Amino acid sequence: QEDEYINIESDLHENKRASADDEQPHLKGHFEKTYDKVCEFYGKHKTRIHYVIYGVLVTAYLAVVTAACIINFQRALPVFIITIVAIFFICWDFLIAKYEDRIAELFSPWEEYLKKQWVWLKWVLCAALIITIICWLIFDTTKKGSPQLISFGGLVMYVFLMFIFSKYPTRVAWRPVLSGIGIQFILGLLILRTRVGFDAFNWLGIQIQTFLEYSDAGAKFVFGDNYKDHFFAFKVLPIVVFFSTVMSMLYHVGFMQWLIGKVGWIMHIFMGTSPVESLVAAGNIFVGQTESPLLVQPYLPYITKSELHAVMTAGFSTIAGSVLGAYISFGVSSSHLLTASVMSAPASLATSKLFWPETEKPLITLRSGLRTAKGESKNLLEAASQGASASITLVANIAVNLISFLALLTFLDSALSWVGNLFDYPQLNFENICAHVFMPFSFMMGVDWEDSFIVGGLLGYKTFFNEFLAYERLSKLIQNREKGGSMYINGVKQYMTVRSEAIATYALCGFANFGSLGLVIGGLGSIAPSRKKEIADGAFRAMIAGTVTCFMTACIAGMLTVPGLEVPCHILLQNASNFTDVPANNTELVECCQHLFTSANDLEKIFPSGNYSLTSWKVCCQILGQPSFHCT
């Protein structure tokens, strides 16, 4: 109480007066005058100066790309393609920003004409699409065999089930449903059946794998040279940290918002879905189910129930880019994972609009596009640091969930085995139960009959636990196949065909599980507190819709995946022997059999040896109809 009272505000005023008194008028020197002139000139012509700098940088970049193409065009082809695509979209954005009204006015007569003729034109287009699909299935089945027909039947079955259990079956708008499935099929056709698409996604997958391997440098420094001894903790989880850092930096520079906006605009135009749900569905290709709604956070309180259901379904139907790297590190095909993420985005909107049709009038119908949220970081380094820090929660959640789920699964298997012993069936476990429950669903995707039980077990792991556990089990099956050896040990199948592995990869590629159900209710509820009750009411339906979306993507993959792709001949022939109807005109089988008989022509010992079994020879005799010299 005896301390002297200090008035900070009066002291500040006194300091300002003192500093003003100390200032002495002085004449500006030549250097200071020149500096002021330069600053004044820069202020007047700031925009033009920036354009000049950007022009010089772009010219230098194009000169470097041109020189690289002249030296070795094949080596510079990826850079050339990326440059062409970037120039196209930059020009597109410039034209839309400056001449949008004129472009709309130019195409308005065509739009009016289509609206008038759409009544009969839509039926013509539907009929042409159905006839095209039927003809394609007939020719493709003749060439590749019957499994593709089963996958097509599965696709029809899932659409029919969604329609039967729809919340409003009589209010279904079929344009987003059919166009979503159509876009999904076209994407699959381009990626899986065309050489350009397959090579492009295969190249992209290889580049991502190479890029993710740079996380080993940080893991090695922190955990030591033997970090791979603890593979999951010190090899897989650092990839999640690294990918999260990169995504945060891409958000800071605005690239992710631009890319997501373009993909969302395409789905909005072709499918007729609202801008909010289209943008969220596009965002889920790259980010997680709780991050993508942040792109449209200001609009969430005003969207309809059907749109809210679509937002949740899109989150359940895909996986985040951060965990994508972890699954690739397991040994799962990177190209299939990328394809599944892209294909499931339009399919999620199609399934959502079928399972919960729109019955209200959407309030958010901005044609000029939504304003997406931006990151809070002030510079690139801060964005990188924030991304790494944000991954701590994700890494911790993955680790503790796997510890708890694996412990719970081991206990559950032990308890079920004890119950099975009471009835002389000690093999009873959780995987066997799930295998029988989900087996019909996996078989209708096009999985081989014997593999459908294995895939059914994987679907059970994914639904009741999480996709991390399912992909870890799938990676072991892939490793067993690559090592070769006997397909059966003590009556238990050790690995699946490559076709079954590919279909399983697509079916598991989504967050639709009971663990994510709580995450969505809590995360989305915190973003939009006014919609908590509606989020809780529709979350379970959205999880079912997300699960079916993954199944439909797997059906498309089953229709388009070529049997025997990437399979050694001896394994392909061994797998073919398990079917009663071996397609005689399967290109891969014919080539393998021709190679087998050619290599046997000069051998004195006719009895099968090496990797080829007697069964393989029988299959080739059935396909090629060779004379008795080989087949008797």
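Visitor: Are Phe-430 and Phe-465 buried or exposed?

Guide: Phe-430 is buried, and Phe-465 is buried too. Keep in mind that we are looking at a predicted model.

Visitor: How do I read a pair of aromatic rings?

Guide: Two values describe such a pair: how far apart the centres are, and the angle of the planes. For Phe-430 and Phe-465, the centres are 5.3 Å apart and the planes stand at 75°, so this pair is edge-to-face.

Visitor: Where in the fold do Phe-430 and Phe-465 lie?

Guide: Phe-430 is in helix H16 (residues 430–444), while Phe-465 sits in the loop between helix H17 (449–464) and helix H18 (467–483), so the pair ties together parts 35 residues apart in sequence. Both rings also belong to one aromatic cluster, whose members include Tyr-158, Phe-405, Tyr-461 and Phe-551.

Visitor: How many aromatic pairs are there in the whole structure?

Guide: A search finds 29 aromatic pairs. One of them joins Tyr-327 and Phe-330, with 6.4 Å from centre to centre and 40° between the planes, which makes it tilted. These two residues are 3 apart in helix H13 (residues 321–330), so about one helical turn separates them. Tyr-327 and Phe-330 are both buried.

Visitor: Let's turn to helices. How is the packing of two helices described?

Guide: By the angle between their axes and the distance between those axes. Take helix H6 (residues 174–192) and helix H14 (residues 334–355): the angle is about 170° and the axes are 7 Å apart. Because angles over 145 degrees count as roughly antiparallel, H6 and H14 are roughly antiparallel to each other. Among the residues making the contact are Trp-174, Ile-181 and Leu-187 of H6, and Val-342, Met-343 and Lys-353 of H14.

Visitor: What kinds of residues make up the contact of H6 with H14?

Guide: They divide into 14 nonpolar, 5 polar and 1 charged.

Visitor: Why is H12 said to be largely enclosed by the rest of the structure?

Guide: Because 12 of its 13 residues are buried. The buried ones include Glu-307, His-309 and Phe-316, and the buried residues of H12 pack against helix H11 (275–283), H14, helix H20 (514–527) and helix H21 (532–560). Helix H12 (residues 305–317) reaches 18 Å from its first C-alpha to its last, close to the 18 Å expected at 1.5 Å a residue.

Visitor: Why does Lys-262 count as buried?

Guide: Its relative accessibility is 18%, and buried means under 20%. Lys-262 is found in helix H10 (residues 255–271). Setting aside neighbours within four places in sequence, Lys-262 is in contact with Phe-89, Trp-92 and Asp-93.

Note on methods:
Residues are numbered from 1 along each chain as its sequence is written. This is a predicted model: local features need pLDDT of at least 70, side-chain atom pairs count only at pLDDT 80 or more; totals for chains, interfaces and linings use all residues. Side-chain values use heavy atoms; hydrogens and water are left out. Axes are lines fitted to C-alpha atoms, for helices over the stretch in contact, and angles run from 0 to 180 degrees between N-to-C directions. Helices (H or I, at least four residues) and strands (E, at least two) are DSSP runs, numbered from the N terminus. Angles under 35 degrees count as roughly parallel, over 145 as roughly antiparallel, 65 to 115 as roughly perpendicular and the rest as oblique. Contact means heavy atoms within 4.5 Å. Ala, Val, Leu, Ile, Met, Phe, Trp, Tyr, Cys and Pro count as nonpolar, Asp, Glu, Lys and Arg as charged, and the others, Gly among them, as polar. The expected span of a helix is 1.5 Å times one less than its number of residues. Buried means under 20% relative accessible area, exposed over 50%, partly exposed in between (1.4 Å probe, protein chains only). Rings of Phe, Tyr and Trp (its six-membered ring) pair if their centres lie within 6.5 Å; planes under 30 degrees apart count as stacked, over 60 as edge-to-face and the rest as tilted.
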